[in-house]
Amino acid sequence: MFIVRWILGRIILMLNFIFAPKKRQRPQDEQSKIDAETQLLALYEYKACPFCVKVRREMRRQGLNIARLDAKQDNHKEALVSQGGKAKVPCLRIEENGETRWMYESSDIINYLDKRFA
């Protein structure tokens with residue numbers, strides 16, 4: 001089963017590379033403001049996870065520079081479980097008003113990014 005998942009993961013990454021969406025272009029001052037807002041966001045992900053790819057494609061489409069953390073690394077996985085409560089990806093960590101929220105579903109994450117940045 002590991003081999004099948006590995007092969008499918010590589011196919012997903014290759015297709016994502018070939019058919020990458022066009023990055024949104026904004027005026028420099030507007031992009032700077034959005035970059036400042038995205039400093040409070042972090043995406044916990046696995047590189048070949050199809051749902052993570054879906055979120056990354058939307059981030060690219062919107063031109064968002066959100067920190068991407070590999071949840072397979074021990075320190076990121078530990079933070080995801082201890083602070084977020086689940087070892088599930090994709091997960092968007094949102095820091096607002098001194099509080100931290102954890103958003104787990106790819107569709108919810110995309111809707112949040114659309115409402116906040118589109």
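Let me start with Trp-102, which is buried, with a relative accessible area of 17%. The cut-off for that word is under 20%. Keep in mind that this is a predicted model.

The partner is Tyr-44; the ring centres are 5.5 Å apart and the planes meet at 45°, so the pair is called tilted. In general, two aromatic rings are described by how far apart their centres are and by the angle of their planes.

Where do Tyr-44 and Trp-102 sit in the chain? Tyr-44 is in strand E1, residues 41-45, and Trp-102 is in strand E4, residues 99-103.

Next, Tyr-46. This residue lies in the loop between E1 and H3. Is Tyr-46 buried, exposed or partly exposed? With a relative accessible area of 25%, Tyr-46 is partly exposed. The charged end of Lys-72 sits over the Tyr-46 ring, 5.3 Å from the ring's centre. Setting aside neighbours within four places in sequence, Tyr-46 is in contact with Lys-72 and also with Cys-52, Arg-56, Asp-70, Ala-71 and Val-89. From Tyr-46 to Gln-73 it is 27 residues in sequence and 9.8 Å in space, C-alpha to C-alpha.

There is another lysine placed over a tyrosine ring. Lys-86 lies over the face of Tyr-104, at 4.9 Å from the ring centre.

Now the helices. H3 covers residues 50-62 and H5 covers residues 106-117; they pack at an angle of about 10°, with axes 9 Å apart. Angles under 35 degrees count as roughly parallel, and H3 and H5 are therefore roughly parallel to each other. On the H3 side, the contact is made by Phe-51, Lys-54, Val-55, Glu-58, Met-59 and Gln-62. On the H5 side, the residues are Ser-106, Ser-107, Ile-109, Ile-110, Leu-113, Asp-114 and Phe-117. Sorted by class, this contact has 7 nonpolar, 3 polar and 3 charged residues.

Thr-38 itself is in helix H2, residues 28-38, and is buried, with a relative accessible area of 1%.

Technical notes:
Residues numbered from 1 in each chain as written. Predicted model: local features only at pLDDT ≥ 70, side-chain atom pairs only at ≥ 80, totals over all residues. Heavy atoms only, no water. Axes fitted to C-alpha atoms, helices over the stretch in contact; angles between N-to-C directions. Helix = DSSP H or I, 4+ residues; strand = E, 2+ residues; numbered from the N terminus. Parallel < 35°, antiparallel > 145°, perpendicular 65-115°, else oblique. Contact = heavy atoms within 4.5 Å. Nonpolar A, V, L, I, M, F, W, Y, C, P; charged D, E, K, R; others polar. Buried < 20%, exposed > 50% of the residue type's maximum accessible area, 1.4 Å probe, protein only. Phe/Tyr/Trp six-rings, centres within 6.5 Å; stacked < 30°, edge-to-face > 60°. Lys NZ or Arg CZ within 6 Å of the ring centre and 35° of its normal.
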